[in-house]
Amino acid sequence: MSQGNAPSAPLGQAPSSGLGPNQDRVVPPSTPDWNNLKVIHRNTLPPRAHFFLYQNAWDALSRDVSLSKAQLLSGKWLFNLAKSPLQGPVDFHEQSPVQLADTPEWVPVDVPGMWQLQGHGKGPQYTNLNFPWPVNPPHVPIDDNECGRYVTEFSLDQHDKDHQLRLRFEGVDAAFTVWVNHHEVGYSQGSRNPSEFDITQFVRFDDINVLSVEVYQRCDGSYIEDQDQWWLSGIFRDVWLHKFPKTHFEDIQIQTDLDKKYKDATLHVKVKLNSDANVTLSLLDADNVEIARKTKAGEGTIHFDIHVKNPHKWTAETPYLYQLTLSMPGCSLAERVGFRRVELIDGVFCVNGQPIKLRGVNRHEHHPDHGRAVPFDFLKEDLLLMKRHNINAIRTSHYINDPRLYELADELGLWILDECDLECHGLFVVGVDGNKLTSDNPDWEEAYLDRARQMVMRDFNRPSIILWSLGNESGYGRNHKAMYKFIKNLDKSRLIHYEGDWRAESADIISRMYHSIQDTEKYAKDRSWDKPVVLCEYIHAMGNGPGAIKEYIDLFYKYPRLMGGFVWEWANHGLRTKTKDGREYMGYGGDFGDEPNDYNFVFDGLCFSNHTPTPGLIEYKKAIEPVQTLGIEDKGHVRIVNRYDFLTLDHLICHVSRVDGQGYSDLGVVAIPKGIKPHSEAVIRVNGISSSIRPLTHLNLEFRLAAPTGEWGDAGHLVATGQIPIHPPKGSNSLNPIWKPAGGVKTKLVTPSLLSIRGQDGISWEFDLTIGALVSWKNPKQSDENILAEPLGFEIYRAMTDNDRGCDFGRNWINRRLHQAKFHLVEATWKEHDDGEAAEIVVKGRIAPPVMNWALELTTTYRLTGWGVNIKVCAKPTGALLPRAWGRLGLVTTLKGCEHVEWFGRGPGESYRDKKMSQLIGWWDAGVDELMTEYEFPQETGNRTDVKWVKFQNKEKKSLLNASFQDWEESGGNGNFSALRYSTKELDEAKHPYELHEKRREGEVVVHLDWYHHGLGTGSCGPETLREYTLEAGKEYECEISLY
């Protein structure tokens, strides 16, 4: 129930009913509110829009809350923790902060804050869906329910008299009871929803006021707050004391409507008053010029209908905001207004009459030190980072967020799918019909409706919100239908989303999670449809990945039915912690002694836990960039497509350059045709393309902001890139290879198993015929030392990624013992050519694991000349129970003295065959330590793909070893390299970065030179690696590389 429930007996206090000595007494004396499904709120005020009141309109327009009629109570509060609400100082609310401060059991904590992250309680616990207590809804354990007790004090001025004083909690996890000056005020639950109490009758104006709050770690509502995140507790959002004048605004609802031509508009404003008043409405444009003014007298609820001629329209690309003020003597408020209209047109999702595509992310509230108590600056930086990476939409997974997020989204321009604080995923894994426990259980209807009511009433006025969501992963039942009906009765201007309703009976759109590209396209091709499709979660961004993003994005733009999607998810949820000896790392499930836990599944974001970009975010930015370069046509015409939904490309400039095997050429800034309409193609004319074209030539285009754009984009900010291979004219000379056979060699059998080869320039090698491997490489021009710390061998396994572990490929690799496969010599032969120009060694061998019958048979020919080594490999799979795929196919060794790498291929960041479009082909160089992406859970990392050649250099940048992949263009550019301080085995075994750091090689680098490398996919929760990116084990391969 929303309010007005009968108060229950104070917890921990025996009822004074005059029971005799032989009569029973009960503990607890009555069902606690937090275990009583019939008590959702007690004595709370009706939910309302989020706003502040001010003395006058000018103060209201400043949006400076320090000028508002509100007092912020957040700060340092006294705190005590008990293991249960029935234990500890149950009468604490009868004492003052001064009394409590003298006892060691009471300590200061931060409000907002989570008590587990301030050193209290059992600590954080992470589960994806499992409840960390016995499942018995609506009951949670009485004896295993931590209870945090908070006390603070505040003062009031005499001018606060004649005001209604509203105590507002923006968020408390999970439920709480409030006392003011030792009087019980009320109770509320719904962790991410606000709660507001009228405390006017309890306060004092001539003395200090005491505020006491008892917070319960769990309540019956926790069964429908089972989101995939840390279980954390406390007062985690701000606490305000709002001071509403004697005559004041109770609530306000704003709607805009556009005419059929999407030109002129009507502004509808519904104002709820507590008594009779004359209310003046003023509408100002972004330059503070008043464009409408109207005064009405009334009581209760009054309505304004303001007709506005051709207003600027609000979209995520053009976030134009008008200012609205409502004023009466001594009381004003301000709201921002965005004129826009959301609807389906012939089943296509449209805003202001135009189809839009959601290039979105799911965002949990998270901070590595504060959990869900996210500081405003950190929140704002999240949204700025999204804008800078071409993201245009947020799903507030899976609860309403800090109200300031929506205000920022209004300002910056982001579409919002606002989601109820509702998920009960864990009820569907306990062996019963989870729907019957809550979602389809009439006893829970009011609890569900309360979540919908709180969301819509608080966030109604935000133009950025274009979709309401009934929650997440809660099955489907009668209570969802009731939520849908309630929201539709309140707001017909927005559409409703709920993924659990697969038939979209109580939803206006069809929503799917982790659908494959093929299944998504089936929906798109369906000829009989009247509702669009959104992927509310897709391309699961866990660890090294996601792979194959572009394929989804291209589908979205190909088919009108597809609205787009929201990546799961924005950021890893790691919590900063330290080892016993002080080494810092980001903790995951189990790192805090939490059991049960879901391990590192909390690391599944496009950002690291400190909310800096992973390579996955860079790749996503590229895939969703609003300008796509399609290709080059004759006479220097480059075709592009505008993927903005509302903008032309007039706000961009285009810079063009050319790169080839010799270097870069700057072709300058080229003109972008004016007025290119959204979702349409155009041609850019680039001069100078055809002159002196050499092999490996690529044309690069950079689209940048021509002028600053809001807070997020400086002039010159890179919005999109394009790269097009340019084939040389017929008859042009091929690029001279870096490696050239030159000079003669001399061979000597030093021992029966060790062959020495020396070139004319003093370079020398040693080859161990018993293991079939090059074991020494010396170049006296650089050093007399052997640069190979380990023999040059073969490897077909990679350290598993999270996406490997989560799908059949990883399980298959373990079952087929791919990680245990080693090279075994079958035969080695050698000869020196009669002309003395070269020595040739042919090695036959098998890469095979113990126990199994399968093998990869290799015939490898080493041709050593006076300048280098050419290696050709024929690989043939054989035997039973082959793995489905190889992790990689290439060479591995450990180099001494390597500190720097230069290469021609994709860069500068890491890339893989299905995660590479953001990394352009060109000349790149980096220090070895820059080449590794340190994932918060160690795994395969640091690969560079489509590499033609690579130079491994010492700290003076002199080459130690160079490699050139042969037939690079013909094979589609499959050359790969990595240079890391760690081996595959070390990456595979480590569970935290600090464990890797213990094994860091100083002065040595593990080098992989792979002809092929298996794609990444999104198999941690979604489709595995696509077939076209799979390194199939059932095929034969022929490969070649030159080392010099």
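**Reading burial, packing and helix geometry**

Q: Is Leu 78 buried or exposed, and what is its relative accessible area?

A: Leu 78 is buried, because its relative accessible area is 14% and a residue counts as buried when that value is under 20%. The model is a predicted one. Leu 78 belongs to strand 3, residues 75–82. Setting aside residues up to four places away in sequence, Leu 78 touches Pro 97, Leu 100, Ala 101, Trp 106, Val 107, Pro 108, Arg 149, Tyr 150 and Val 151.

Q: How far apart are Leu 78 and Met 563 in sequence and in space?

A: Leu 78 and Met 563 are separated by 485 residues in sequence, and their C-alpha atoms lie 49 Å apart. For another pair, Asn 461 and Leu 281, the separation in sequence is 180 residues and the C-alpha to C-alpha separation in space is 16 Å.

Q: Where is Asn 461 placed, and does 5% relative accessibility make it count as buried or exposed?

A: Asn 461 sits in the loop between helix 6 and strand 29, and at 5% relative accessibility Asn 461 counts as buried. Leaving out neighbours within four places in sequence, Asn 461 is in contact with Ala 49, Ile 252, Gln 253, Ile 254, Glu 335, Arg 336 and Arg 494. A strand residue can be read likewise: Ser 964, in strand 56 (residues 959–965), is buried with a relative accessible area of 2%. Beyond four places in sequence, Ser 964 touches Lys 948, Trp 949, Ile 1041, Ser 1042 and Tyr 1044.

Q: How many residues of helix 4 are buried, and what covers them?

A: Eight of the 10 residues of helix 4 (residues 403–412) are buried, so helix 4 is largely enclosed by the rest of the structure. The buried residues are Pro 403, Leu 405, Tyr 406, Glu 407, Leu 408, Ala 409, Asp 410 and Leu 412. Their cover includes strand 22 (331–337), helix 3 (376–388), strand 28 (415–419), helix 6 and strand 29. Just after helix 4, Gly 413 has a positive phi of about 100 degrees.

Q: What span should helix 7 have at 1.5 Å a residue, and which of its residues are buried?

A: An α-helix has 3.6 residues a turn, so residues three or four places apart point the same way. At 1.5 Å a residue, the 13 residues of helix 7 (residues 478–490) should span 18 Å, and this agrees with end C-alpha atoms that are 19 Å apart. The buried residues of helix 7 are Asn 479, His 480, Ala 482, Met 483, Tyr 484, Ile 487 and Lys 488, and what covers them includes helix 6 (445–459), strand 29 (465–469) and strand 30 (495–497).

Q: At what angle do helix 8 and helix 9 pack, and which residues make the contact?

A: Helix 8 (residues 517–525) packs with helix 9 (residues 549–558) at an angle of about 5 degrees, and their axes are 10 Å apart. That angle makes helix 8 roughly parallel to helix 9. Helix 8 contributes Ile 517, Thr 520 and Glu 521 to the contact, while helix 9 contributes Glu 551, Tyr 552, Leu 555 and Lys 558. By class, this contact has three nonpolar, one polar and three charged residues.

Q: How many residues does the largest nonpolar core have, and which have the most contacts inside it?

A: The largest nonpolar core has 111 residues, and Tyr 620 and Phe 703 have the most contacts inside it. A second, separate core of 65 residues includes Ala 839, Leu 858, Tyr 862 and Val 873.

Key
Residues numbered from 1 in each chain as written. Predicted model: local features only at pLDDT ≥ 70, side-chain atom pairs only at ≥ 80, totals over all residues. Heavy atoms only, no water. Core = buried A, V, L, I, M, F, W, Y, C linked by side-chain atoms within 4.5 Å. Buried < 20%, exposed > 50% of the residue type's maximum accessible area, 1.4 Å probe, protein only. Helix = DSSP H or I, 4+ residues; strand = E, 2+ residues; numbered from the N terminus. Expected span 1.5 Å × (residues − 1). Contact = heavy atoms within 4.5 Å. Axes fitted to C-alpha atoms, helices over the stretch in contact; angles between N-to-C directions. Parallel < 35°, antiparallel > 145°, perpendicular 65-115°, else oblique. Nonpolar A, V, L, I, M, F, W, Y, C, P; charged D, E, K, R; others polar.
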